Amino acid sequence: MNKMGFGFQRIPTLSSGDVDFDKLIPIVDRYMELGGTFYDTAYMYLDGKSEEALKKCVVERYPRDAYQIQDKFPLYTIKDPSEFDSYLQLQLGRCGLDYFDSFLLHWMNDEIYQKALNMYAFEYMR
């Protein structure tokens, strides 16, 4: 396992707020050259642009066995367990993946923990 991961929360952006792919792609390539394989993103990072940037910079450019991706389930935005599958599918689609290597409940605090219990989110995640 790598001792360092590549977070897609604070990546180069343009003044418009769009991802600066001219800067980001060489950074990703260098990280991969140095043996990096672990990437972290989340539903809310850069208003969804993080997941989409990860798709363009990593998923579309490297074989699936060359990296691991961790994403985070945005339980704080979900109103009902019936929405679980649609959020998961949206995130997988943004990332261009069939599965995540790890998938966390995001922004866990007392309120979200109680929501997770009440909505059976832990069972869903399993």
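What covers the buried residues of α2? The cover includes α1, β2 (38-40), β3 and α3. Buried here means under 20% relative accessible area, exposed over 50%, and partly exposed in between (1.4 Å probe, protein chains only). Helices (H or I, at least four residues) and strands (E, at least two) are DSSP runs, numbered from the N terminus. Contact means heavy atoms within 4.5 Å.

This is a predicted model, in which local features need pLDDT of at least 70, side-chain atom pairs count only at pLDDT 80 or more, and totals for chains, interfaces and linings use all residues. Residues are numbered from 1 along each chain as its sequence is written, and side-chain values use heavy atoms, with hydrogens and water left out.

Stay with α2 for a moment. Its buried residues are S50, E51, A53, L54, C57, V58 and V59. The largest nonpolar core has 21 residues. Such a core is a set of buried Ala, Val, Leu, Ile, Met, Phe, Trp, Tyr and Cys residues joined through side-chain atoms within 4.5 Å. F8, L24, V28 and Y39 have the most contacts inside the largest one. Two or more residues come from each of α1 (21-33), α2 and α3. With 5 residues, α2 gives the most. Now take V28. Beyond its neighbours within four places in sequence, V28 is in contact with F6, F8, Y39, C57, V58 and Y62.

Next comes α3. The buried residues of this helix are F84, Y87, L88, Q91, L92, R94 and C95. Seen down the axis of α3, they fall within an arc of 160°, so they line one face of the helix. The arc is that of the directions from the helix axis to the C-beta atoms. Their cover includes α2 (49-59), β3 (68-73), β4 (102-105) and α5 (121-125). Just after α3, G96 takes a positive phi of about 70°.

Is R94 buried or exposed? R94 is buried, with a relative accessible area of 16%. Its side chain makes a polar contact with the side chain of E51, at 2.8 Å. A polar contact is a pair of N or O atoms within 3.5 Å; within protein, one must be able to donate a hydrogen and the other to accept it, and residues adjacent in sequence count only if both atoms are side-chain atoms. A polar atom of the R94 side chain also lies 3.1 Å from the backbone oxygen of Y43.
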